[in-house]
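My notes follow as numbered points, to read beside the model.

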Amino acid sequence: MRQRLAELRGPGVPAKALDARALAALAANPGCRRRAILDGAGVDKTAVAGALGSPSAFGQSQFAITRGNAFEAKVKADGGAELLRLVHERLDAGAEPPADARVPDLTAIGPEGRAARTALALREAGEAPGAWTLLDHPMLALDVAGSPAFLEPDAVVVHPDGSWTVVEIKSFPMLDGSADPAKVGAAARQAAVYVLALEQVAARLDPAPSVRHRVLLVCPKDFSNRPTASAVDVRKQRAVTARQLARLTRIQDIADALPEDTCFSPELPAAELTAAVESVPAAYAPECLSACELAFHCRDHSRAAGAVTTLGRPVRAELGGLATVEDVLAASRGETGDPDDPAVAALRRAAALRAEALAGARLAAVPPQSFLPTSEGALCR
């Protein structure tokens with residue numbers, strides 16, 4: 001299988017790591033086989049989008065990345081003393097204060113080696129009850145559609161009672177104790193992926209430690225660079241992500257359905273690369289614009305095909321079996337469609353109401369005839 005995925009990337013092209021942000025986006029659109037195979041094969045979708053003539057327009061700026069790295073270093077300074085203080089204060093105030101916490105070395109060769117070293121460190125932390133342990137950038141493995149994805153959370157904290165907590169460090173501010181809901185939601189979905197990966201590690205231990213579903217979100221306080229934190233319950237995001245990942249078609253099944261010579265290398269001629277990408281069905285929705293590097297390419301092709309998916313998932317769900325805009329218009333005009341179909345009946349009713357409203361608007365827009373004076377001085381038309 002690995003050999004097949006390497007062939008899909010192209011000769012000599014290294015695999016692009018699948019991170020939690022990409023996994024959360026993939027879980028939000030489990031029906032998109034195109035993204036599943038490209039992410040599973042480690043294809044650089046940014047390079048592919050550029051080669052297709054539809055470059056990606058989203059992602060963090062270099063300034064934001066630098067600022068985030070500086071803030072994270074500040075939070076983890078002095079052996080993570082400030083970070084552990086926040087964990088103790090927000091999540092485990094009843095435990096002993098974190099003094100002389102353990103910070104194991106997680107260095108190893110390759111992601112598999114780092115994941116194994118992380119699992120060993122977590123097991124050793126569980127064998128030392130009563131102590132705090134901070135794992136800085138551990139490596140976790142999560143099975144996604146039959147292939148392992150290696151994930152690297154900002155930190156994982158082992159509490160004195162042996163339970164585990166995911167820590168997410170973000171550079172967006174927390175003003176008066178609250179942050180941008182959209183950004184907090186994205187961070188919660190990302191943390192939920194880490195929680196799922198930790199649960200897989202915990203399941204291999206006996207007894208299995210508890211993975212807390214309240215994660216710690218650390219952000220700058222107000223407009224300063226001082227860290228503050230908030231506990232975020234990710235049970236809902238974890239359940240949704242687990243369900244969506246379970247619905248993903250196995251990557252091997254998608255790869256087996258492709259022609260033997262299929263390749264997604266950005267070095268291919270544009271026509272050949274376009275044919276390869278289009279050979280895998282996509283499930284485009286407007287939400288993809290903020291989550292997938294290929295969104296502009298998929299949107300252009302969806303628009304060219306007149307697909308109703310360009311109108312959004314709620315509209316697509318309401319239209320039932322009507323897959324194109326032309327189908328929708330024809331059904332509304334009574335030219336096609338089953339009258340007993342609720343979607344068709346609703347469209348025809350909406351078309352009738354629209355025609356009625358336009359007719360009324362035209363009558364209202366007709367100017368009244370001029371009034372003319374009569375010989376008696378009265379006005380008449």
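1. How many of the 381 residues of the protein count as buried? The share is 40%, where buried means under 20% relative accessible area, exposed over 50% and partly exposed in between, with a 1.4 Å probe and protein chains only. Please keep in mind that this is a predicted model, in which local features need pLDDT of at least 70, side-chain atom pairs count only at pLDDT 80 or more, and totals for chains, interfaces and linings use all residues. Residues are numbered from 1 along each chain as its sequence is written, and side-chain values use heavy atoms, with hydrogens and water left out.

2. On the overall form, the protein has 15 helices and nine strands, taken as DSSP runs numbered from the N terminus (helices H or I, at least four residues; strands E, at least two). Its radius of gyration is 28 Å, well over the 21 Å of the globule rule for 381 residues, so the protein is more spread out than a compact globule. That radius is taken over C-alpha atoms, and the rule is 2.2 Å times the number of residues to the power 0.38. The C-alpha trace spans about 110 × 65 × 40 Å along its principal axes.

3. Helix α2 (residues 20-28) deserves a look: seven of its nine residues are buried, so the rest of the structure largely encloses it. Those buried residues are Ala20, Ala22, Leu23, Ala24, Ala25, Leu26 and Ala27. They pack against α3, β2 (140-144), β3 (147-151), α8 (181-203) and α9 (235-247), with contact meaning heavy atoms within 4.5 Å.

4. Helix α11 (residues 270-278) has Leu273, Ala276 and Val277 as its buried residues. They cover an arc of only 95° around the axis, which puts them on the same side of α11; the arc is that of the directions from the helix axis to the C-beta atoms. Their cover includes α3 (33-40), α4 (45-51) and α12 (295-304).

5. Some backbone details are worth checking by eye. Most residues other than glycine have a negative phi, and most peptide bonds are trans. Asp78, in helix α6 (residues 77-91), has a positive phi of about 55° and counts as exposed at 72% relative accessibility. His137, in the loop between β1 (133-136) and β2, has a phi near 50° and is partly exposed at 24%.

6. Lastly, the peptide bond from Asp206 to Pro207 is cis, with omega near 0°. Pro207 lies in the loop between α8 and β6 (214-220).
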